[in-house]
Amino acid sequence: GPVEATKGSKDWAPHGPFTYNVQVPNESEMNEATGAPHNEIDMRLVLPEGYPDEGKAPVILLESISTVRRVQCEPLRKELVEKAEENAGMASVITLLEHAKEWLVAMKEKEEQAKQQADERQAAREAGSAASKKAAPTVDPTIRMGRMVTSELFYEWLEEFKAEKAAIR
C-alpha cells in the first residue's frame with residue numbers, strides 16, 4: 001500500500017518526531033474494479049524520540065477504512081503493541097506491517113469458516129426438518145392425550161376432590 005511518512009506530524013502525533021501513515025491491504029480480498037487488494041486499515045506508527053536504539057516502541061494507532069467488512073481494530077492493536085514491545089531496541093516497522101497484513105488475511109479466513117459452518121448448520125436443520133416431516137405425522141401440541149371429559153366423569157372427580165379436601169381439614 002501507499003506509505004506516507006511525515007516529519008513532525010502535528011495532527012496525529014504532536015509528541016512524536018516521525019510518523020508513518022500506511023494503508024494496510026488485505027491481500028486475500030481483491031477490489032474487482034482495480035484488481036488490487038482492498039485497503040482495510042489505516043495504520044499510523046509514531047516513532048518516539050530515541051527509537052529504536054533506546055528500546056522505545058512506536059505508538060500504534062489503527063482505524064478501519066474497509067468498505068467490505070467491519071474490522072475490529074482493538075484485538076489487532078493489542079497484538080501489535082505486544083510485537084513492538086518484544087522487538088524493543090530493533091527497528092520493527094516492517095515487522096508490524098507484515099503482522100497486520102497476516103492478521104487481516106487470517107481474520108477473513110476465520111469469517112469465511114464461520115459463515116461456511118453457519119451455512120452447513122442451516123442446511124442440516126432444513127434437511128432434518130424436511131426428513132422429520134416425511135417420517136412422522138406432525139403432532140399438534142395443543143391436543144392433549146387421555147380420557148375425554150364428560151359431565152359424569154367431571155362430577156365423579158369433583159366428589160372425590162371434595163372428599164380429599166374434607167379429609168385434609
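Is E54 buried or exposed? I looked that up first, keeping in mind that this is a predicted model. E54 turns out to be exposed, at a relative accessible area of 56%.

**Entry: the partner of E54.** I followed the E54 side chain and found a salt bridge to K56, with N to O at 3.6 Å. K56 is partly exposed, because its relative accessibility of 35% falls between the 20% and 50% cut-offs.

**Entry: into helix α2.** I moved on to helix α2, which runs over residues 93–135. K108 and E112 pair up there in a salt bridge, and their closest N and O atoms are 2.7 Å apart. Why do K108 and E112 sit about one helical turn apart? They are four residues apart in helix α2, so the separation comes to about one turn. I then checked K108 and noted that it counts as buried, because 12% relative accessibility is under 20%. E112, at 43%, is partly exposed.

Entry: K115 is exposed, with a relative accessible area of 53%, whereas D119 is partly exposed at 42%.

**Entry: a network.** Which residues does E40 link up with? I found E40 in a network of salt bridges with R69 and E111.

**Entry: the tally.** I ended with the count, which comes to eight salt bridges.

Note on methods
Residues numbered from 1 in each chain as written. Predicted model: local features only at pLDDT ≥ 70, side-chain atom pairs only at ≥ 80, totals over all residues. Heavy atoms only, no water. Salt bridge = Lys/Arg side-chain N within 4 Å of Asp/Glu carboxyl O. Buried < 20%, exposed > 50% of the residue type's maximum accessible area, 1.4 Å probe, protein only. Helix = DSSP H or I, 4+ residues; strand = E, 2+ residues; numbered from the N terminus.
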